[in-house]
Amino acid sequence: MPSDIEISRAVTLRPIVDVAADLGLTPEQIEPYGRDKAKFDPAVLPPRTPGKLILVTAINPTPAGEGKTTTSVGLADALNRTGRKTVLALREPSLGPCFGTKGGATGGGYAQVGPMVDINLHFTGDFHAITSAHNLLAAMIDNHIYWGNALDIDVRRVTWKRVLDMNDRALREVTQSPGGVANGFPRASGFDITVASEVMAVLCLAEDAADLEARLGRIIVAETRDRQPVTARDLKADGAMAVLLAEAIKPNLVQTLEGNPALLHGGPFANIAHGCNSVIATRAALALGDYVVTEAGFGADLGAEKFFDIKCRQAGLAPDAAVIVATVRALKMNGGVAKADLGREDVAAVQRGGVNLARHIENVRQFGVPVVVAINHFATDSDAEIDAIRAIATAHGTEGVLCRHWADGGAGAVDLAEAVVARIDAGGAKFRPLYGDDLPLLDKTRAVATRLYRADDVAADAKVVAQLARWEAAGFGHLPVCMAKTQYSFSADPTLLGAPVGHVVPIREVRLAAGAGFVVAVCGDLMTMPGLPRVPAAEAIRFGDAGEIEGLF
């Protein structure tokens with residue numbers, strides 16, 4: 001089997017004007033970025049009855065791989081194959097994981113979006129624009145303090161760090177402005193990865209350009225010496241930030257390897273942010289297609305929960321169905337099998353690890369959304385192991401559908417497409433968030449921890465509790481919470497696989513994202529600036545003998 005990049009390179013993509021035409025967009029309504037990618041302004045779209053919204057999520061990720069993006073692409077291709085006008089709506093990859101662990105994030109095998117190399121690298125420049133807008137605000141904070149500090153900012157309470165779209169643990173904590181008076185006031189600071197920036201979240205949750213600028217203005221960056229909030233609008237930075245994002249706010253149109261339309265826009269991580277593509281792109285997709293396939297990052301305890309409780313709540317979206325991706329290999333790892341031994345049949349391990357899948361099915365159902373399990377096939381899977389997953393799905397009131405989209409493209413996911421459409425046609429979707437707006441902030445974190453993670457409680461020290469109380473008194477108590485925790489476990493401990501119960505979720509700190517419209521609860525040891533692994537994917541990325549890029553798996 002050729003590598004993902006070899007498969008992608010062998011496919012001749014359709015001219016993007018032809019892909020746009022399939023959606024009813026004229027050449028004048030798109031802004032081409034070369035031959036095979038473009039942006040467009042959703043304001044040009046005529047009103048129509050929105051399509052059906054399908055969320056693809058997964059069990060907790062493992063080093064064995066699950067394949068949410070691959071399954072999302074395969075499902076969209078399969079729906080189009082069966083005559084259903086379908087648009088794919090995904091996030092853009094971050095350079096951090098591409099050069100860190102993944103080596104690429106555009107799907108796999110014959111279920112990919114393209115152009116693969118462009119999308120995985122600089123694409124249309126959206127992440128660079130977000131990085132620039134974020135760091136402009138950081139520069140304007142320091143500049144304001146340098147030139148007299150008319151707002152009386154307490155330099156000890158500046159919370160706005162800088163960002164970079166790369167994994168770099170050395171930048172987590174820095175001392176800035178050493179070297180004397182000319183360089184400003186020295187203080188402790190640091191960097192987050194761009195996908196964790198509130199500017200990224202703002203872009204992904206904004207309804208339009210006007211809402212984008214309004215949200216940017218509400219970003220709180222510091223406190224004054226008498227503990228009053230200082231916003232980007234107070235610093236007069238919001239207008240310039242919005243200008244930097246003028247092109248980035250427009251969705252990107254690309255295609256699958258089978259030539260079907262895909263909108264890629266925004267890319268927050270689901271473990272440290274809300275993990276969904278932009279509201280603007282999702283709404284555009286719903287206006288352009290009869291079915292929309294989208295995904296949320298990592299396991300359903302993170303990405304799907306935030307899709308439901310943050311994105312759908314803010315945007316007024318009501319998903320019609322959810323697909324939970326599971327693999328034999330990942331469930332065996334949850335059942336205690338080492339990665340080196342995953343090729344050997346072990347039905348008992350699948351059954352042991354199946355508790356992870358079972359809990360995700362139960363959790364998604366709490367949101368009133370019908371569920372189908374996609375069994376993403378690997379060549380080493382045995383029939384008995386696949387039957388074990390099907391039995392778990394059946395025992396929990398749904399079905400497990402074997403999918404071979406990695407090897408066969410959309411043709412390998414037709415059964416999944418039919419199962420999802422049957423669930424939608426049967427009705428029964430009654431979407432509801434997990435908690436109400438009026439619940440206190442700490443109780444919102446407790447609701448997620450106890451109802452989805454099956455924890456006994458959350459643990460927050462007096463400083464965190466007092467901070468939440470101050471935000472509630474300031475009028476932010478209605479906001480949803482964004483739980484930032486490890487993606488590998490229902491707990492805050494990445495080593496607790498399967499479906500742990502009786503644990504406590506420690507809330508280390510809380511952050512107010514007033515522009516994005518949520519409160520971040522950082523749990524356990526999670527870092528908002530990742531580090532590179534022992535052997536980063538960057539070591540294998542290079543130009544080959546023929547001058548073509550290699551190593552983006």
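Visitor: Which helix gives the largest share of the lining of the largest cavity?

Guide: Let us start with the general idea: rolling a probe the size of a water molecule over the atoms shows where empty space is left. A cavity is a set of points, on a 1 Å grid over the protein atoms alone, where a 1.4 Å probe fits but cannot get out, and its lining residues have an atom within 4 Å of a point. Here the largest share, three residues, comes from helix α6 (residues 126-146), where a helix is a DSSP run of H or I with at least four residues, numbered from the N terminus. Please keep in mind that this is a predicted model, in which totals for linings use all residues. Residues are numbered from 1 along each chain as its sequence is written.

Visitor: How many cavities does a search of the whole structure find?

Guide: The search finds two of 30 Å³ or more, a volume being the space filled by probe spheres set on the grid points, which are joined across faces, edges and corners. The largest holds about 80 Å³ of space, and the residues lining it include E92, P93, F127 and D165.

Visitor: What lines the second largest cavity?

Guide: That cavity, with a volume of about 30 Å³, has A300, D301, F308 and L452 among its lining residues. The elements giving two or more residues to this lining are α11 (300-315) and α13 (347-365), and α11 gives the most, with five residues.

Definitions and conventions. Predicted model: local features only at pLDDT ≥ 70, side-chain atom pairs only at ≥ 80, totals over all residues. Heavy atoms only, no water. 1 Å grid on protein atoms, 1.4 Å probe; cavity = no way out; pocket = protein on both sides within 12 Å on 5 of 7 lines; lining within 4 Å.
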